[in-house]
Amino acid sequence: MNKVIIIGGGVAGLMSAVAAISNNSEVTIYEGNEKLGKKMYITGKGRCNLTNACDISEYFDNIVSNDKFLYSALYSFTNDDVIKFFEDNGCPIKIERGNRAFPVSDKSSDIIKTLEKYLKRNGVKIVLNTRVESVITKEEKVSGVKLDTGNVDRCDRLIIATGGKSYQATGSTGDGYRFAKDLGINVTPLRPSLVPLEAKEDYIRMLQGLSLRNVELTIYNNKKTVYKDFGEMLFTHFGVSGPLVLSAGSRIGKLLEDGSNLNAAIDLKPALSYKKLEDRIIREIDANKNKEIKYLLSGLLPAKMINVFIDLLNFNKHLKLNEFTKNNRTDLINLLKAFPFTITGLRGFSEAIITQGGIDVSEINPSTMESKKIKGLYFAGEVIDIDALTGGYNLQLAFSTGHLAGESASI
Ligand SMILES: Cc1cc2nc3c(=O)[nH]c(=O)nc-3n(C[C@H](O)[C@H](O)[C@H](O)COP(=O)(O)OP(=O)(O)OC[C@H]3O[C@@H](n4cnc5c(N)ncnc54)[C@H](O)[C@@H]3O)c2cc1C
């Protein structure tokens with residue numbers, strides 16, 4: 001009987017076991033942790049946004065790295081297949097805003113339990129608290145793994161599903177990259193992704209705790225726009241975070257590494273043109289001539305931003321609106337439409353939702369997930385140089401590549 005070993009009991013490892021066991025292989029999962037799916041447990045704030053129910057063709061716009069490589073995997077095990085798998089196995093799924101799919105129970109543990117039950121029922125051997133230390137090959141073909149217990153386990157096929165290297169407390173410590181390098185397989189540079197950004201200016205830190213909705217964030221490399229999107233963000237003790245910023249973090253890591261100077265601007269009033277904003281401000285001033293600048297700003301800004309604006313604009317705190325000049329008005333509108341800050345870096349792996357970079361996709365056959373160099377060796381999930389935006393896309397990539405690897409390894 002074909003014996004398949006899977007390293008890693010995360011999303012990709014578990015789904016590859018589902019596929020491998022249905023082809024009558026003997027399947028063993030080695031998981032370093034005391035339980036399966038530790039990272040999956042914290043996904044979607046504990047609710048597990050397991051996939052995105054958009055048309056599968058829309059995935060490619062939401063994949064940041066190597067979308068073409070993922071074509072076969074995504075079409076051979078789609079988002080509909082993922083939802084069907086869980087529903088058929090007693091875990092109903094609901095679709096929320098933005099096509100985000102969650103278990104109806106809102107519990108990520110139900111997703112893990114469903115997978116675990118399925119695997120146990122079908123005879124997959126799950127070995128917990130056991131890390132794989134190295135991969136054993138013979139004449140460019142996989143032959144087994146060496147465990148941290150000192151034992152060796154032989155196999156015909158091996159799937160590396162060890163995840164990335166973010167949130168390392170969940171067990172994803174980047175071992176898969178080491179296994180690949182030891183076998184002469186190229187690993188592209190690793191960087192944190194879907195990650196908050198550090199900012200230079202003290203006034204950004206002064207806004208710590210403030211969150212903004214419906215704003216537009218633009219990032220410039222010199223004068224060139226390298227990112228622009230609309231949504232929610234928040235100020236922190238180091239810079240900025242929130243959904244809009246995390247997505248930006250996926251797009252600019254390489255530029256920062258290359259030493260680019262990145263400046264950002266927040267449009268606090270994206271729904272209003274310069275002219276509409278000007279008309280509104282003129283109306284406010286005309287109706288409240290004897291009030292002070294703070295009164296005008298309180299109608300335009302969250303309270304926490306008022307003093308920051310007064311300082312940046314060099315306004316006298318007690319400036320009366322009847323003294324407000326045309327230049328003052330222009331400066332104010334410009335700042336509302338482009339509140340600036342300088343990006344000094346990404347936060348680290350410990351705060352990154354995902355790792356960018358990984359096993360070089362040119363080393364992997366996209367139709368099977370098998371290594372082109374080592375026969376019988378497969379890769380699945382985040383360990384590969386693939387990553388996507390938030391919205392359930394990353395888990396779908398782990399499910400799809402996992403399923404394809406498991407199916408191919410068991411034929
Ligand atoms: C806070 C947070 C929230 C997230 N929320 C979402 C979300 O809602 N939706 C979404 O799509 N994505 C989300 N993600 C991303 C998602 O979790 C990952 O894309 C996904 O977990 C990758 O799956 P994987 O199986 O490749 O790796 P992992 O889930 O990291 O699993 C890898 C497993 O391998 C084990 N392992 C590693 N090395 C060894 C070894 N040597 N021996 C034995 N076992 C080993 C690890 O212990 C781990 O259990 C989130 C990530 C984080 C950090």
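In the hairpin formed by strand 5 and strand 6, with 3 residues between the strands, Gly98 adopts a positive phi near 70°. The model is predicted: local features require pLDDT of at least 70 and side-chain atom pairs count only at pLDDT 80 or more, whereas totals for chains, interfaces and linings use all residues. Residues are numbered from 1 along each chain as its sequence is written.

Strand 5 (residues 93–96) and strand 6 (residues 100–103) pair in the antiparallel sense over 4 bridges; strands pair if DSSP finds at least two bridges between them. Ile95 has Ala101 of strand 6 as its bridge partner. The protein chain contains 14 helices and 21 strands, where helices (H or I, at least four residues) and strands (E, at least two) are DSSP runs numbered from the N terminus.

The C-alpha trace of the protein chain spans about 85 × 45 × 35 Å along its principal axes. By an automatic or database domain assignment, the chain is divided into two domains, as tabulated.

| Domain | Residues |
|---|---|
| Domain 1 | residues 3–192 + 355–409 |
| Domain 2 | residues 196–347 |

Taken over C-alpha atoms, the centres of domain 1 and domain 2 are separated by 40 Å. In the interface, 7 residues of domain 1 are in contact with 9 residues of domain 2, contact meaning C-beta atoms, placed from the backbone, within 7 Å. The side of domain 1 that touches domain 2 consists of 3 nonpolar, 2 polar and 2 charged residues. Here Ala, Val, Leu, Ile, Met, Phe, Trp, Tyr, Cys and Pro count as nonpolar, Asp, Glu, Lys and Arg as charged, and the others, Gly among them, as polar.

The ligand is surrounded by 38 residues, of which the closest are Gly8, Gly10, Gly163, Gly171 and Gly381; a residue belongs here if its C-beta atom, placed from the backbone, lies within 6 Å. Helix 1 (11–21), helix 2 (38–42) and helix 14 (393–409) each give two or more residues to this shell. The shell divides into 14 nonpolar, 18 polar and 6 charged residues.

Of the 411 residues in the protein chain, 43% count as buried, that is, with 20 or more other C-beta atoms, placed from the backbone, within 10 Å of their own. The largest nonpolar core has 72 residues, among which Ala17, Leu158, Ile159 and Phe379 touch the most other members. A nonpolar core is a set of buried Ala, Val, Leu, Ile, Met, Phe, Trp, Tyr and Cys residues joined through C-beta atoms within 7 Å.

Definitions and conventions. Buried ≥ 20, exposed ≤ 12 C-beta atoms within 10 Å, placed from the backbone. Contact = placed C-beta atoms within 7 Å.
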